[in-house]
Each structure stands twice: as C-alpha cells, then as structure tokens.
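Thank you all for coming. I would like to take a few minutes to walk through one structure, so please have a look at it before I go on.

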Amino acid sequence: MKWNLRMVAAQRDIWRPTQLLVAFKEVGFTPSLSKVAALWSGKPVTVRLEDLDKICAALDCTVADLMVAEPQQHLAQREQPQQRAVGEQRGAERYGRFRVAAAAPAAACRPTETARPW
C-alpha cells in the first residue's frame with residue numbers, strides 16, 4: 001500500500017505536520033504532535049479505523065485517496081525464485097524461522113569403533 005497523506009494534505013494547502021494537527025483538531029481528532037509527525041513522515045505500520053475516519057473527515061477525502069494498493073510489488077516478489085542460504089542443503093524444510101535439514105541416513109547415526117563413551 002502506498003500512503004498518500006502528504007499528497008492529500010498538499011492538495012488542501014497543508015504543508016507541515018503542525019498545520020495537519022490544526023485540521024485534525026477541527027474535527028475533534030487530537031493525536032499528539034509526534035503521532036502526526038509519524039503519520040506525515042512515512043508509511044504507518046498500523047492505523048486504527050476510527051483514526052482513519054477522522055483523518056478523512058479532516059482532509060475531506062476518502063480512504064482510497066489516502067491509500068493506494070500496489071499489487072505489482074507482490075507479483076514481482078512471487079515471480080522471483082527462492083534463494084537458498086549459504087550452506088543450506090537441498091531438500092531442507094522450513095518451519096517458522098528455523099530450517100530443518102533432511103534426516104541423515106541411519107548408517108550415519110550408528111556409533112563407530114573409535115567413538116568414546118562420554
């Protein structure tokens with residue numbers, strides 16, 4: 001998703017986070033200046049739906065104006081072949097964050113004559 005808050009704000013002649021905070025207060029939305037600056041400076045990880053409604057009310061816009069889907073990024077990631085880590089064996093399975101190598105043959109697990117008992 002592309003976060004277009006700055007573009008939508010610029011279309012309403014809002015150029016700074018402090019001006020955006022004033023627009024928010026006009027509709028009863030009172031976030032801290034640091035939260036407004038975080039929304040202004042980059043793509044937020046999460047935005048509450050209630051806050052999104054208030055942002056749209058303050059800027060007289062829709063959610064579609066603020067966020068634009070970018071499905072081509074995900075399609076490009078899907079088409080790239082999976083790269084293996086250095087030293088990773090073929091056939092290794094992945095469970096969560098851990099990679100589990102394929103089981104060793106039973107003969108490799110038997111003790112040898114030189115094995116020490118400790």
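At what angle do the axes of helix H2 and helix H3 cross, and within what distance do they come? Before I answer, please keep in mind that this is a predicted model. The axes of H2, which covers residues 17–26, and H3, which covers residues 33–41, come within 9 Å and cross at roughly 115°. Angles of 65 to 115 degrees count as roughly perpendicular, and H2 and H3 are therefore described as roughly perpendicular to each other. The crossing of these two helices is right-handed.

As for the residues that make this contact, H2 brings Pro17, Thr18, Leu20, Leu21 and Phe24, and on the H3 side they meet Leu33, Val36, Ala37 and Trp40. Sorted by class, the contact between H2 and H3 has eight nonpolar residues, one polar residue and no charged residues.

Let me turn to the core. The largest nonpolar core has 20 residues, and those with the most contacts inside it are Leu5, Ile14, Leu20, Phe24, Ile55, Leu59 and Leu66. The elements that give two or more residues to this core are helix H1, at 5–11, then H2, H3 and helix H4, at 49–59. Of these, H4 gives the most, with five residues. In general, nonpolar side chains in soluble globular proteins tend to be buried together.

Leu59 touches Leu5, Val8, Ala9, Arg12, Ile14, Leu20 and Leu66.

Asn4 lies in the loop between strand E1, residues 2–3, and H1. Is Asn4 buried or exposed? Asn4 has a relative accessible area of 14%, and since buried means under 20%, Asn4 is therefore classed as buried. Leaving aside neighbours within four places in sequence, Asn4 is in contact with Asp65, Leu66 and Val68.

Thr62, in the loop between H4 and helix H5, is partly exposed, with a relative accessible area of 43%. Thr62 and Val8 are 54 residues apart in sequence, and their C-alpha atoms are 9.8 Å apart in space.

Ala69, finally, sits in the loop between strand E2, residues 67–68, and helix H6, residues 71–79, and Ala69 is exposed, with a relative accessible area of 52%. Although Ala69 and Met1 are 68 residues apart in sequence, they are 4.5 Å apart in space, C-alpha to C-alpha.

How values were computed
Residues are numbered from 1 along each chain as its sequence is written. This is a predicted model: local features need pLDDT of at least 70, side-chain atom pairs count only at pLDDT 80 or more; totals for chains, interfaces and linings use all residues. Side-chain values use heavy atoms; hydrogens and water are left out. Axes are lines fitted to C-alpha atoms, for helices over the stretch in contact, and angles run from 0 to 180 degrees between N-to-C directions. Helices (H or I, at least four residues) and strands (E, at least two) are DSSP runs, numbered from the N terminus. Angles under 35 degrees count as roughly parallel, over 145 as roughly antiparallel, 65 to 115 as roughly perpendicular and the rest as oblique. A crossing is left-handed if the near helix is turned anticlockwise from the far one by less than a right angle, and right-handed if clockwise. Contact means heavy atoms within 4.5 Å. Ala, Val, Leu, Ile, Met, Phe, Trp, Tyr, Cys and Pro count as nonpolar, Asp, Glu, Lys and Arg as charged, and the others, Gly among them, as polar. A nonpolar core is a set of buried Ala, Val, Leu, Ile, Met, Phe, Trp, Tyr and Cys residues joined through side-chain atoms within 4.5 Å. Buried means under 20% relative accessible area, exposed over 50%, partly exposed in between (1.4 Å probe, protein chains only).
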